[in-house]
Amino acid sequence: MGELIEVTDPADPRLHDYSGLTDIELRKVREPAEGLFMAEGEKVIRRALTAGYPMRSMLLSPKWAEPMRALIDTADAPVYVGAEPLLEAVTGFHVHRGALASMQRTPALEAGPLLARAKRIVVLEDIVNHTNLGAIFRSAAALGMDAALLTPRCADPLYRRSVRVSMGTVFALPYARLESWPGGLHTLADHGFRTIALTPGPTAVDLPALRFGPDEKVALLLGTEGDGLSDDALAAADLRVRIPMTAGVDSLNVAAAAAVACYAIAAAPADS
């Protein structure tokens, strides 16, 4: 389209998608219900478009009109431009990454078909921190995981903070949400996955000792911040593994641990 539409009223109904972005509890409910999510900055917006998410609209300040011109010219949706105080009044924060885009969610994937074509996956149990979730997605995508499964209580990967922290790699890693937990673990077994629980427990095997068959399907289970994996998840796992620690440190943040474990799984030698 390429046409800029000037907006001057924070209460303009055309800006409804962008209102109150700092109200986390409201947005967690509203965005899935209204079928939208926010992409922030040119790179993330482009990655969302490339992944097949349609744009509903874009919102930017005048100083970003020219730097964002290439994206604006290809946008198949309204592009609104308003003074920075107006943007802050609408969104609740200073928009400093050039632009915001309201994107349309696409139908959620189902776990069965996703697992049928995957070989290495992460399973996230009750990860409720959006920053950690985005960081895990980024590491998993970068280090060769094919997909992610989320338990019902997991945070939304398409929430703005998750998208931003992942730099848009939440769009590159297919994911599905399990309908129940721990009952959903049977889905992994049904598709032939060996489940590996990451835990600092003293009886766990050190990550460097991992070995996999050349065609073995592996699911890495990662637990919630603080408490780690539930007893049910640990009991159901085929193997427990840990990251060897020194200097009296007992564990890593779940996002950092995920990166180490994903790398170890990708680099693990095959069984001879």
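## Pockets, domains and local geometry

Leaving aside neighbours within four places in sequence, Thr-195 makes contacts with Leu-188, Ala-219, Leu-221, Ala-236, Ala-237, Asp-238 and Leu-239. This threonine belongs to strand S9. The model described here is predicted. Thr-195 has a relative accessible area of 5% and is therefore buried, the limit for that class being under 20%.

Strand S9 (193-198) also takes part in the packing around helix H10 (254-267). The buried residues of H10 are Val-254, Ala-255, Ala-257, Ala-258, Ala-261, Cys-262, Ala-264 and Ile-265. Besides S9, these buried residues pack against strand S6 (120-124), helix H6 (130-142) and strand S11. The length of H10 can be checked against its residue count: at 1.5 Å a residue, its 14 residues should span 20 Å, and the end C-alpha atoms are 20 Å apart, so the two values agree.

Helix H10 and strand S11 (217-222) each supply at least two residues to the lining of the largest pocket. Of the residues that line this pocket, Leu-198, Thr-199, Pro-200, Ser-251 and Leu-252 lie nearest its centre. For the second largest pocket, the residues nearest the centre are Tyr-53, Pro-107, Ala-108, Leu-109 and Tyr-175. The table sets out the volume and lining of each pocket.

| Pocket | Volume | Lining residues | Lining by class |
|---|---|---|---|
| Largest pocket | about 480 Å³ | 24 residues | 13 nonpolar, seven polar, four charged |
| Second largest pocket | about 380 Å³ | 19 residues | 14 nonpolar, two polar, three charged |

The position of the second largest pocket relates to the domains. The domain assignment of the protein gives domain 1 (4-104) and domain 2 (111-267). Both domains give residues to the lining of the second largest pocket, so this pocket lies between them. Taken over C-alpha atoms, the centres of domain 1 and domain 2 are separated by 31 Å. Across the boundary, 18 residues of domain 1 are in contact with 12 residues of domain 2.

Some backbone features also deserve attention. Most residues other than glycine have a negative phi, and most peptide bonds are trans. The peptide bond from Trp-181 to Pro-182, however, is cis, with omega near 5°. Pro-182 is placed in the loop between strand S8 (175-177) and helix H8 (185-190).

Asp-126 is not a glycine, yet has a positive phi of about 55°. This aspartate sits in the loop between S6 and H6, both of which pack against the buried residues of H10. With a relative accessible area of 17%, Asp-126 is buried, because the class requires a value under 20%.

Met-167, likewise not a glycine, has a positive phi of about 55°. The loop that holds Met-167 runs between helix H7 (160-165) and S8. Is Met-167 buried or partly exposed? Its relative accessibility is 28%, so Met-167 counts as partly exposed, a class that lies between the limits of 20% and 50%.

Conventions. Residues are numbered from 1 along each chain as its sequence is written. This is a predicted model: local features need pLDDT of at least 70, side-chain atom pairs count only at pLDDT 80 or more; totals for chains, interfaces and linings use all residues. Side-chain values use heavy atoms; hydrogens and water are left out. On a 1 Å grid over the protein atoms alone, a cavity is a set of points where a 1.4 Å probe fits but cannot get out, and a pocket is an open set with protein on both sides within 12 Å along at least five of seven lines; lining residues have an atom within 4 Å of a point. Grid points are joined across faces, edges and corners, and a volume is the space filled by probe spheres set on the points. Helices (H or I, at least four residues) and strands (E, at least two) are DSSP runs, numbered from the N terminus. Ala, Val, Leu, Ile, Met, Phe, Trp, Tyr, Cys and Pro count as nonpolar, Asp, Glu, Lys and Arg as charged, and the others, Gly among them, as polar. Domain bounds come from an automatic or database domain assignment. The expected span of a helix is 1.5 Å times one less than its number of residues. Buried means under 20% relative accessible area, exposed over 50%, partly exposed in between (1.4 Å probe, protein chains only). Contact means heavy atoms within 4.5 Å.
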